[in-house]
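Have it open beside you and follow the points in order.

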Amino acid sequence: MTQRILTFLRGTATVCALALASLAQAQLSIEITGAGANRMPVAIASFEGESTLPRAVTDVVRADLERSGLFKMVELGPSPMGADTPPDFGRVRSRGADAFAVGTVAPSGSGRYQVQFRLFDAAKQVSLGSQAMVMAPNQYRTTGHRIADFIYEKLTGEPGVFSTRIAYVLKSGPRYELQIADADGSNAQTALASKEPIISPAWSPDGSRLAYVSFEAKKPVVYVHSLATGQRNVAANFKGSNSAPAWSPDGRRLAVVLTKDGQSQLYSVNADGSGVQRLASSSGIDTEPAWSTDGWIYFTSDRGGSPQIYRVPAGGGEAQRVSFEGSYNVSPRPSPDGKSLVYVSRNGGRFQVTMLDLSSRQTQILTDSAKDESPSFAPNGRMVLYATEVGGRGVLAAVSSDGRVKQRLSVQSGDVREPAWGPQPRN
Amino acid sequence: MKRTRIALSLITVSLLAACTSSPPTDGQSAVAVEDRSSGAASSGVDNSRVVPVDADSANGKSAYPELKDPKSVLSKRSVLFDYDSYVIKDQYRSLIEAHAKFLTSHTNVKMLIQGNTDERGSREYNLALGQKRADAVKKALTLLGVSEGQLESVSLGEEKPSCGDASESCWSANRRGDMLYSGEF
C-alpha cells in the first residue's frame with residue numbers, strides 16, 4: 001500500500017495510470033432487457049468435478065449463452081455429466097434441449113486443472129465436437145467464456161464474442177477512469193485515471209493498445225496507451241484540438257481530427273505520432289473517422305449544411321455522401337464485414353442507434369432510447385454496444401444488429417460512457 | 001490497512017482539491033487577492049487577514065493583477081453564444097477589445113481559448129462545434145491586432161459544462177468561449 005501511495009505521488013498529480021485500480025469499487029452489472037424471438041433450447045450439464053473450483057465453470061457458460069439472446073437454457077438438474085461417460089440422451093430430450101454439453105474438471109498437477117467438454121446434438125444423438133484446456137483454478141471465467149465461444153460457434157456458425165473485452169469511461173464525481181472489462185462486465189480494471197475528461201477510446205486491431213482523447217493538458221490530445229505496460233505516448237498534440245482517433249486495419253496508422261490548419265479536418269498519423277498526412281478536406285467540419293475493412297474511411301461532415309455520414313477511399317479520392325434521411329446523422333461505425341453501417345440519428349429530438357444496410361440502403365432504428373451515443377460493433381458483427389441514459393445516469397447498452405436482443409450494463413453509482421468493443425483475443 | 005486507506009483517500013482528496021484549478025472565469029470567484037496597485041492600504045499588513053494562495057496558478061501570483069481584479073474588465077473571460085451559433089454577439093465587443101488591447105501591449109503573454117457546447121448530440125461533433133466558438137473568439141482578437149502566435153484556440157466540447165442540468169438556462173451557460181492567460185492553463 002505504501003508503495004502504491006508513492007507511485008501515486010510520483011506520477012503527475014493529474015493523471016495516475018493504473019495505480020489507483022484497487023480503489024475502483026464500481027463493477028458493471030449486466031441485465032438482459034430483450035431476447036431473440038426463436039431461442040434454441042440448450043442444456044449445459046454441471047461438469048464432473050467442477051465443485052472443487054472457486055465457482056462453477058458452467059455458471060459462466062450458461063450466463064454467456066443466455067445473455068446472447070439466441071439460446072434458452074434448459075435445466076438438467078444438479079447431477080453432473082462427465083465428458084467420458086455415454087450421455088443419457090433420453091434425459092436430455094425429455095427436458096426439451098436440442099443441444100447439450102457435458103464435461104469433466106480434474107486436477108492436472110501443480111495446482112492446475114484440465115477441463116474437458118463435449119457438445120452433442122440431442123436429436124441426432126451425435127457429438128458436435130470436444131475440447132480440452134488446462135487452467136489455474138481462478139481462471140474459471142476465462143475458461144467458461146472460451147467454452148461458450150466454442151458452443152456458440154458450433155451452433156450458430158459464427159464466432160462468439162464472450163472472450164472479448166470492452167473499454168469505456170466511468171465518471172464518478174470529478175473523477176474519470178478509462179476502464180477495461182470482460183464483455184460481460186466482469187473483471188473491470190482501470191487503465192487510466194484522471195480528473196480531466198477522457199473520450200473516444202479506440203482499440204488497436206490486435207487488442208494490445210487503446211488510442212483515446214484526454215483533456216489532462218487543458219485541451220484535447222490523442223494518446224496511444226499499451227494496456228499491459230501502462231506505457232503511453234502522444235499520438236497527436238498539434239496546436240488546436242486533437243481528437244477522434246481511429247486505427248487503420250493494419251494497426252499502423254491512426255486517423256485523427258486536427259484543427260491545426262483551421263476547422264476540424266481529417267488527417268492520419270503513425271501510432272507514434274510521426275508522419276502526419278491530410279486524409280480529406282472540406283470547408284466544413286469533418287470528424288469521427290472510422291476505417292472499414294474494405295478500404296473506406298467513414299466520417300461525419302457538415303459540408304452539406306447538416307451533420308451527415310460520408311466516406312472516402314482510404315487511399316484518397318472523392319468523398320461520397322452515405323446518409324440522406326434526417327438532419328442529424330453522426331458517429332458512423334462500419335460492420336466488421338463492411339456490409340452495414342451503424343450510427344446515431346436524431347429523430348424528433350431523440351438520438352438513436354440506427355443501422356444502414358449499405359447495399360439495399362434500408363435503415364432501421366435499433367433502440368427505443370433517446371440519448372444514444374458512440375455505437376461500436378462486436379467483432380462478429382452480431383451486437384452493437386453503445387452509451388445511453390437511463391434515469392439521468394449514463395449506462396452502456398448492447399443491441400443485436402436486428403434490434404431484438406437487448407442488454408444493459410450499469411454501475412451502482414457514476415456514469416458509464418464512451419464504450420468501445422474490443423477485437424477477438426489473439427491466443 | 002484501514003489507516004493507510006484513510007491516509008490514501010486524504011492524499012487523493014487533497015491532490016484532487018489542488019487540481020481543481022479552474023481559473024476565475026467570471027470575476028465572482030476571484031476572492032481577496034491583494035491589489036498592490038491601489039496604493040491605499042500600503043501602510044501595513046493586516047495580521048487578522050488570511051490571504052488565500054492558489055497552489056495551482058503555476059507561479060503562485062499572477063504577474064498581472066488586473067487579470068484577476070474583479071473591478072477590471074479583464075477578469076471577465078467568458079463569451080456566451082446562441083444556440084447553433086458561432087457569432088460573437090455585440091454585447092461582448094468591449095470585452096474582446098479589452099483583452100486584445102492587453103495582449104497587444106503584453107506580447108510575451110499567451111492566451112488559450114477554450115470553446116464549449118451544450119450536452120446534446122455526439123461528443124466528437126460537439127468538440128468540433130466548440131472549436132468553431134473558440135476560433136470565433138480567436139479571429140475577433142486577431143482582427144484587433146493580436147498576433148496569432150500569442151493565441152491557441154481549442155475545444156472542450158460538451159466535456160466541461162459550467163452548469164450540469166438538462167435545461168435551456170444551463171445549456172446556454174455551456175455554449176461558451178473561455179479565455180485563459182499564461183499560468184492559468
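Which residues of the largest nonpolar core touch the most other members? Point 2 has the answer, after a word on how to read the model.

1. This is a predicted model, in which local features need pLDDT of at least 70, side-chain atom pairs count only at pLDDT 80 or more, and totals for chains, interfaces and linings use all residues. Residues are numbered from 1 along each chain as its sequence is written, while chains are lettered from A and ligands numbered from 1 in the order in which they are written.

2. In the largest nonpolar core, which has 123 residues, A:Val57, A:Phe100, A:Ala211, A:Val256, A:Val384 and A:Leu385 touch the most other members. Such a core is a set of buried Ala, Val, Leu, Ile, Met, Phe, Trp, Tyr and Cys residues joined through C-beta atoms within 7 Å. Buried means that 20 or more other C-beta atoms lie within 10 Å of a residue's own, with C-beta atoms placed from the backbone. In soluble globular proteins, nonpolar side chains tend to be buried together.

3. Helix α4 of chain A (residues 140-156) gives this core the most, six residues. Helices here are DSSP runs (H or I, at least four residues), numbered from the N terminus. Of the 17 residues in α4(A), 13 are buried. From first C-alpha to last, α4(A) reaches 24 Å, close to the 24 Å expected at 1.5 Å a residue, where the expected span is 1.5 Å times one less than the number of residues. Just after α4(A) comes A:Gly157, with a positive phi of about 80°.

4. Now look at A:Phe100. Leaving out residues up to four places away in sequence, A:Phe100 touches A:Val42, A:Ala43, A:Ile44, A:Ala45, A:Val92, A:Phe120 and A:Ala122.

5. Chain A is assigned domain 1 (39-156) and domain 2 (165-421), with bounds from an automatic or database domain assignment. Their centres, taken over C-alpha atoms, are 36 Å apart. Five residues of domain 1 are in contact with six residues of domain 2, contact being C-beta atoms within 7 Å.

6. On the domain 1 side that touches domain 2, helix α2 of chain A (residues 57-67) gives the most, with three residues. Is α2(A) mostly covered or mostly open? It is mostly covered, since eight of its 11 residues are buried, among them A:Val57, A:Arg62 and A:Asp64.

Technical notes: Contact = placed C-beta atoms within 7 Å. Helix = DSSP H or I, 4+ residues; strand = E, 2+ residues; numbered from the N terminus. Buried ≥ 20, exposed ≤ 12 C-beta atoms within 10 Å, placed from the backbone.
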